[in-house]
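User: I would like to learn how to read features of a protein model. Please start with the terms and then show me each case.

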Amino acid sequence: MPDMTEEEYDALEEKWTKNPPKPGPNGTGFFAQRKAKLAAQSARSITVDSVTAEYLVTKAIAAHKTPADIISDMVQEQMAAAM
C-alpha cells in the first residue's frame, strides 16, 4: 500500500482529533458493537453434495450474491410459505 501524503495525514489527524472513538459501557462501544455484529453474521458449516454446491455457486454468480445469501433467501421463502 502506498504511503499517504502530508495532506492525507493532516486530514486523518484532524478527523480523529475532532471525532475521537467513544467507548461505551456494557457493550455499547465501537469494538463491542463490531464484535457483536460479526458474531451475529457467523454461520455454521454444513456439508452438501457436489451437485448442490454447484447449483448454489451457479445461482449465486447469476444473482451477484454469495451462496450464503442464496440459502438464506431460500430458507426465508420456505418460512414465509409455511406461515
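Analyst: A residue is buried under 20% relative accessible area, exposed over 50%, and partly exposed in between (1.4 Å probe, protein chains only). Glu14 counts as partly exposed because its relative accessibility is 45%. This is a predicted model, in which local features need pLDDT of at least 70 and side-chain atom pairs count only at pLDDT 80 or more, while totals for chains, interfaces and linings use all residues. Residues are numbered from 1 along each chain as its sequence is written, and side-chain values use heavy atoms, with hydrogens and water left out.

User: How many salt bridges does the structure hold?

Analyst: A salt bridge is a side-chain nitrogen of Lys or Arg within 4 Å of a carboxyl oxygen of Asp or Glu. The structure holds 2 of them. One joins the side chains of Glu14 and Lys18, at 3.0 Å from N to O. Helices (H or I, at least four residues) are DSSP runs, numbered from the N terminus. Both Glu14 and Lys18 lie in helix H1, 4 residues apart, which is about one turn of the helix. Lys18 is exposed, at 60%. The side chains of Lys65 and Asp73 also meet in a salt bridge, at 2.6 Å from N to O. Lys65 is partly exposed at 39%, and Asp73 is partly exposed at 26%.

User: Is helix H2 largely in the open or buried?

Analyst: The number of buried residues among the 12 of H2 is 0, so the helix lies largely in the open. As for length, the expected span of a helix is 1.5 Å times one less than its number of residues. Helix H2 covers residues 30-41 and reaches 17 Å from its first C-alpha to its last, close to the expected 16 Å.

User: Which residue has a positive phi although it is not a glycine?

Analyst: Most residues other than glycine have a negative phi. His64 has a positive phi of about 55 degrees. His64 is placed in the loop between helix H3 (50-63) and H4. At 74% relative accessibility, His64 is exposed.

User: Which residues make the nonpolar surface patch?

Analyst: Patches are made of residues with over 30% relative accessible area and no salt bridge; like charges are joined within 9 Å, and nonpolar side chains (Val, Leu, Ile, Met, Phe, Trp, Tyr) within 5 Å. Accessible areas come from the Shrake-Rupley method with a 1.4 Å probe, and for residues only the protein chains shown count as cover. Ile46, Val48, Ile71, Val75 and Met79 make a nonpolar patch of about 440 Å². Met79 is in helix H4 (residues 67-82).

Notes: Helix = DSSP H or I, 4+ residues; strand = E, 2+ residues; numbered from the N terminus.
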